Amino acid sequence: MSLSAARRTALAAQGLAGERPSGPVTAARFHKAVGRMGLLQIDSVNVLARAHLVPVYSRLGPYDTTLLDRAAGRAPRRLVEYWAHEASFVPPATYRLLEWRRRRYRDQAWGSISATEATHSAEVEAIRQIVAEHGPLTATEVERHLGSASDRPEDGWGWRWSVAKRALELLFFTGEITSAGRTASFERRYDLVERVLSADVLAAPVPTDAECVRGLVEIGARAHGVGTLRCFSDYFRLKGAAPRDALAELVEEGTLEPVVVDGWDRPTFRHRDATTPRRAAAQTLLSPFDPLVFERRRLAELFGTHYRIEIYVPAPRRVHGYYVLPFLEGESITARVDLKADRRAGVLRVLSAHRDPEVTDRTPAALAQEVRVLARWLGLDRVEVERAGDLASELSGHLDRSAPLGDSVPLGDSVPLDNSAPVDDSARPSAGEQE
């Protein structure tokens with residue numbers, strides 16, 4: 001395969017090869033897009049929009065985000081939370097395939113969670129009973145029931161979780177409880193798994209570890225279209241020999257076929273369901289947590305763009321900005337912009353705009369158009385560009401020549417957006433999901 005063919009194959013597998021569909025985004029369209037991706041990574045940083053909301057926008061355009069709330073928060077649930085790539089929404093069938101991780105919680109969960117079983121066994125048992133009797137409950141509500149164990153450590157940075165929160169996360173990791181949805185302030189509502197998952201999912205045979213890993217590798221391969229073992233394994237953070245064994249089985253049965261991609265020096269495979277369109281016509285911004293961006297080496301090899309999330313980089317040392325979105329144009333990443341939704345002022349702020357190696361003469365105008373669509377979806381009245389970056393001046397010029405943003409675009413036929421819910425404007429550093 002040529003590199004261009006590999007790009008188009010990868011974009012088609014992710015639902016990013018064509019122009020975004022016109023018309024309202026229905027529930028069926030929403031679920032088809034999520035099913036193609038296989039998961040939505042959750043992240044609480046809200047400087048623009050929460051990370052799990054943007055990938056669907058990137059593929060379908062402006063949509064009603066309550067479609068996700070309904071899928072994950074109402075029976076029968078079409079999406080369930082668990083540790084997949086990182087904290088993620090996954091279909092219930094994929095939740096079952098993650099059973100191997102739940103069985104291995106002692107070495108899969110990080111130390112402060114797995115150790116809670118031994119260090120605070122009484123609190124863990126008390127929380128089991130609290131959730132069983134009163135769930136669904138947020139961590140804050142559980143802490144009120146538990147009392148003194150709600151105290152948080154005074155030192156440390158980042159995830160300074162109380163004993164109650166750590167116990168909840170242990171039970172979440174082992175699969176005794178799960179999320180029944182989220183509050184308006186993004187807190188998980190914990191409940192027993194048997195009250196969240198549907199009866200048919202609960203009654204399905206429990207897969208073996210080998211079946212789990214094989215299924216997850218296959219989902220990763222289908223979502224990539226073409227890629228390496230590293231690509232497919234990283235989709236669900238699989239390590240060790242098991243993913244390699246699963247890949248060999250998938251090749252033997254014909255689900256994957258070996259291919260050679262120009263310029264790639266590692267064994268590469270194409271999923272049998274992958275398609276390679278003649279051209280790619282995308283024009284969209286990608287979240288830093290988009291599945292297309294997950295694996296940085298693959299991104300560099302496919303698109304020639306070296307991308308890093310600079311949230312943790314001290315501001316004076318950032319190259320491109322705090323929350324930078326790559327711009328996909330056709331089959332190329334041509335630019336990147338650092339964006340912030342200033343909700344109080346009603347402004348989408350472009351803090352910087354930079355060219356990527358495959359920038360074209362058309363890129364500034366195309367990017368200006370996309371930024372305007374994004375602003376309308378976020379309910380913002382205007383776009384303002386700061387003069388940082390080698391593309392900022394041209395982008396600003398195209399936006400200045402554009403007509404006012406006007407009315408928001410139609411979102412779909414689901415339920416009205418709830419704009420009354422409080423929104424957290426802070427941008428807390430997070431590498432996964434943080435509460």
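Three strands form an open sheet in the order S1-S3-S2, with antiparallel pairing (strands, E, at least two residues, and helices, H or I, at least four, are DSSP runs numbered from the N terminus; two strands pair if DSSP finds at least two bridges between them). S1 and strand S2 (80-83) stand at the edges with a single partner strand each, so one side of each is left without a neighbour in the sheet. S2 and S3 run antiparallel and are joined by 4 bridges, and Trp 83 stands opposite Ala 87 in S3. The model is predicted: local features need pLDDT of at least 70 and side-chain atom pairs count only at pLDDT 80 or more, while totals for chains, interfaces and linings use all residues. Residues are numbered from 1 along each chain as its sequence is written, and side-chain values use heavy atoms, leaving out hydrogens and water.

Helix H4 (residues 66-73) comes next. Its buried residues (under 20% relative accessible area, 1.4 Å probe, protein chains only) are Thr 66, Leu 67, Leu 68, Ala 71 and Ala 72. The cover over these buried residues includes helix H2 (27-37), strand S1 (40-41), strand S3 (87-90) and strand S4 (177-182).

Strand S13 (residues 382-385) has Val 383 and Val 385 on a covered face, whereas Arg 382 and Glu 384 lie on an uncovered one. In a regular strand, side chains alternate between the two faces of the sheet.

Definitions and conventions
Buried means under 20% relative accessible area, exposed over 50%, partly exposed in between (1.4 Å probe, protein chains only). Contact means heavy atoms within 4.5 Å.
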